[in-house]
Amino acid sequence: MALPYPSTRRCDQTDTYHGTTVPDPYRWLEDPNSDETKAWVAAQNEVTFGYLGELPTVEPLRQRLTELWNYERYSVPFKQGGRYFYFKNDGLQNQAVLYTQAFLEAESVVLLDPNTLSADGTVALGSTAISEDGRYLAYSLSSSGSDWLEWRVRDIETGQDTADHLKWSKFSGAAWSHDNQGFFYSRYDEPAADSQFEEVNYYQKLFYHRLGTPQAEDRLVYERPDEKEWGFQGQVTSDGRYLIISVWRGTERKNLIFYQDLQADQGEVIELISNFEASYSLIDSAGTTFWFRTDLDASRGRVIALDLTQGNKPQEIIPEAAETLDSVSLLNHQFVVNYLKDAYTTIQIFDLQGQPLRTLELPGIGSAGGFDGKKEDTETFYQFSSFTVPSRIYRYNLVTGAQSLFREAQVAFDPSQYETQQVFYPSKDGTSIPLFITHKKGITLNGKTPTLLYGYGGFNISLSPSFSVGNLVWMELGGIYAVANLRGGGEYGETWHQAGTKLNKQNVFDDFIAAAEWLVDNNYTQPEHLGIMGGSNGGLLVGACMIQRPDLFAAALPAVGVMDMLRFNQFTIGWAWESDYGSPQNPEEFEALYAYSPLHNLTPGSYPATLITTADHDDRVVPAHSFKFAAALQAAHQGDNPVLIRIDTKAGHGAGKPTAKLIEEVADKWAFLAKTLDREGKVLKV
């Protein structure tokens with residue numbers, strides 16, 4: 001029996017793109033502050049939470065998630081100014097707490113506890129930066145999941161905040177000058193009060209804030225009023241001599257590199273890399289020599305050196321390899337290189353001339369990260385995890401190559417009862433695509449197992465194995481969890497990324513559909529037991545695939561998705577995604593966007609059971625995408641499968657979401673999937 005969905009008013013709004021008239025009957029839902037939109041949100045939530053509240057598995061799932069989530073979680077420790085710092089969550093704390101200690105065996109002291117900043121945990125810590133002398137902490141906070149950041153400064157010795165308070169920062173870190181008197185940061189002009197979560201973000205500027213002065217007196221370091229899309233990230237070299245300005249434009253990885261000599265009076269900003277031809281990420285420097293990770297003439301990445309006295313003539317240090325170069329650190333005067341081999345981590349160590357020294361043996365197939373420190377440091381820490389292995393932190397001696405387990409997460413489950421395999425399947429055009437499949441050992445391949453397929457496929461972002469309590473509970477129930485490494489991601493370098501962008505975006509959907517077909521053909525599951533899930537760009541993925549192949553999936557979980565591909569560039573930072581999606585203002589790219597835009601390709605028919613999730617404070621992918629898609633899907637859908645939208649309040653795109661909200665959302669999703677993919681209740685054991 002179909003649910004009684006709220007009535008959604010249709011308006012006569014149309015737009016014309018290159019001679020094509022496109023109706024937009026739910027345009028009014030783009031205004032989140034109107035009384036009509038607020039009433040619509042309340043009515044939709046009433047139906048959704050009414051449905052979810054009647055599912056018998058919700059409460060047992062919430063209890064089990066809470067039980068498993070309640071374990072101590074640590075970040076990799078890092079050292080600055082002669083002190084160590086790390087984050088820790090006791091288990092069910094809404095936000096992780098920042099601790100400091102004089103040395104590793106010393107007593108830890110709470111430096112900053114974001115849980116004390118709001119009663120419901122919706123104020124989250126954004127970025128942190130420790131002054132060179134270890135005296136001050138610059139930290140940013142976001143409220144209710146917004147991308148807007150407010151910067152404050154804390155005296156580490158006293159634990160008290162100074163009077164410094166900076167607003168209207170977004171997409172910015174902080175970089176301290178080595179005199180410890182202030183830091184560089186980026187901000188936008190103050191938006192209109194009634195549109196701060198929707199207004200387009202242009203003309204970012206780089207400032208220097210001197211401690212003890214009001215923000216109005218911050219020194220403007222660099223701006224480009226002739227380039228509204230340019231953004232700036234400041235970084236101070238390890239010797240304190242130079243300010244490196246990475247200039248970004250949208251979400252494409254190509255960037256410019258400018259620099260300023262901080263020892264020169266009124267130092268001029270000099271352009272080192274002045275063309276958007278490749279990505280450049282500063283590793284470290286020595287005098288006038290700068291080392292960069294770049295994909296210039298190397299799709300999978302390489303390491304080069306640039307000498308300021310020689311202009312922008314690169315010297316290759318570590319050439320492109322068969323694996324994708326993901327990141328590089330300079331420690332013990334050696335390059336520690338993190339490679340992706342078929343989407344999982346390998347670590348190689350090279351000398352300063354690029355000669356290989358050794359391979360760091362990891363505990364298994366998974367993801368490793370960390371390796372923070374200065375080039376003089378002889379030890380570092382790294383974190384390892386996989387689909388079935390919770391975080392382990394290792395201490396690594398860069399002189400001897402010895403490593404030891406430093407901390408290990410204790411989760412109340414037996415990882416030996418689960419297994420992960422990686423397979424490769426052909427996409428529609430024959431391209432080989434990696435697929436990770438994880439489940440309980442001894443599973444019977446009879447096509448009846450509820451399976452959840454996850455993907456992203458965009459913005460050069462790689463999906464490597466990682467641990468998730470939520471996914472563990474799904475597998476504990478008896479489900480299969482599969483992750484496809486689609487084109488558009490960064491698993492195999494920039495060529496792989498570009499193969500899933502703009503006019504090639506359909507490749508991403510074809511890859512995901514082919515993964516589902518492979519799982520069916522190999523008897524892991526059948527369409528009536530198969531669900532798909534993705535968030536943000538992955539929400540677009542789910543929306544497009546459930547429309548293109550509604551027969552292949554029983555359930556769809558698009559989260560905070562980009563659903564209106566003709567107006568995505570009209571809100572906040574959406575214009576920046578044109579590097580991946582193309583622009584509806586370009587005739588050829590419009591045709592491609594219009595052909596797959598989830599909002600514009602719904603026709604009357606039967607669609608999978610759908611639970612759309614979004615949040616009222618999402619100023620990355622504004623909730624209007626999900627609002628309009630939900631209204632259109634409810635209008636087009638024929639049949640009894642539920643089509644619901646779950647709209648979280650005081651939450652954003654996902655970063656910094658409180659633990660309590662995460663548990664509630666995952667419990668609702670898994671209960672929805674259990675109801676849909678295991679209708680007879682014979683497989684999943686809740």
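Which loop holds Phe 371? The points below answer this and then move on to the helices. The model is predicted.

1. **Phe 371.** This residue sits in the loop between strand E28 (367-370) and strand E29 (379-385). Is Phe 371 buried or exposed? Its relative accessible area is 4%. Buried means under 20%, so Phe 371 is buried.

2. **Val 560.** Here is another loop residue to look at. Val 560 lies between strand E37 (555-559) and H7. Its phi is positive, about 35°, although Val 560 is not a glycine. With a relative accessible area of 11%, Val 560 is buried.

3. **Helix H8, the buried face.** H8 covers residues 587-596. Its buried residues are Glu 589, Phe 590, Ala 592, Leu 593 and Tyr 596. Viewed down the axis of H8, they fall within an arc of 165°, so they line one face of the helix.

4. What covers the buried residues of H8? The cover includes two strands, E1 (14-17) and E2 (20-23). It also includes helices H5 (506-521), H6 (537-548) and H7 (578-581). On the other side of H8, Glu 588 and Ala 595 are exposed. Look at the start of the helix too. There, a side-chain oxygen of Asn 586 comes to within 3.0 Å of the backbone nitrogen of Glu 588.

5. **H2 against H10.** Two packed helices are described by the angle between their axes and the distance between the axes. For H2 (residues 58-69) and H10 (residues 659-677), the angle is about 135° and the axes are 9 Å apart. The two helices are therefore oblique to each other. Their crossing is right-handed. On the H2 side, the contact is made by Val 58, Leu 61, Arg 62, Leu 65, Thr 66 and Trp 69. H10 contributes residues including Thr 659, Leu 662, Ile 663, Val 666, Trp 670 and Ala 671. Glu 664, Ala 667 and Asp 668 of H10 take part as well.

6. **H1 against H9.** How do the axes of H1 (residues 35-53) and H9 (residues 624-636) cross, and at what angle? They come within 12 Å and cross at roughly 60°. H1 and H9 are therefore oblique to each other. The crossing of H1 and H9 is left-handed. Thr 37, Trp 40, Val 41 and Gln 44 are the H1 residues that meet H9. Their partners in H9 are Phe 627, Ala 630, Ala 631 and Gln 634.

7. **Ala 636.** This residue also belongs to H9. At 10% relative accessibility, Ala 636 counts as buried. Leaving out residues up to four places away in sequence, Ala 636 touches Leu 602, Thr 603, Pro 604, Gly 605 and Tyr 607. Phe 672 is 36 residues from Ala 636 along the chain, and their C-alpha atoms are separated by 21 Å.

8. **Pro 426.** Strand E32 (residues 418-426) contains Pro 426. Is Pro 426 buried or exposed? Its relative accessibility is 53%, so Pro 426 counts as exposed. Setting aside neighbours within four places in sequence, Pro 426 is in contact with Thr 431 and Ala 514. Glu 323 lies 103 residues from Pro 426 in sequence and 20 Å from it in space, C-alpha to C-alpha.

Terms used. Residues numbered from 1 in each chain as written. Predicted model: local features only at pLDDT ≥ 70, side-chain atom pairs only at ≥ 80, totals over all residues. Heavy atoms only, no water. Buried < 20%, exposed > 50% of the residue type's maximum accessible area, 1.4 Å probe, protein only. Helix = DSSP H or I, 4+ residues; strand = E, 2+ residues; numbered from the N terminus. Arc of directions from axis to C-beta. Contact = heavy atoms within 4.5 Å. Polar contact = N/O pair within 3.5 Å; in protein donor to acceptor, adjacent residues only side chain to side chain. Axes fitted to C-alpha atoms, helices over the stretch in contact; angles between N-to-C directions. Parallel < 35°, antiparallel > 145°, perpendicular 65-115°, else oblique. Left-handed = near helix turned anticlockwise from the far one by under 90°.
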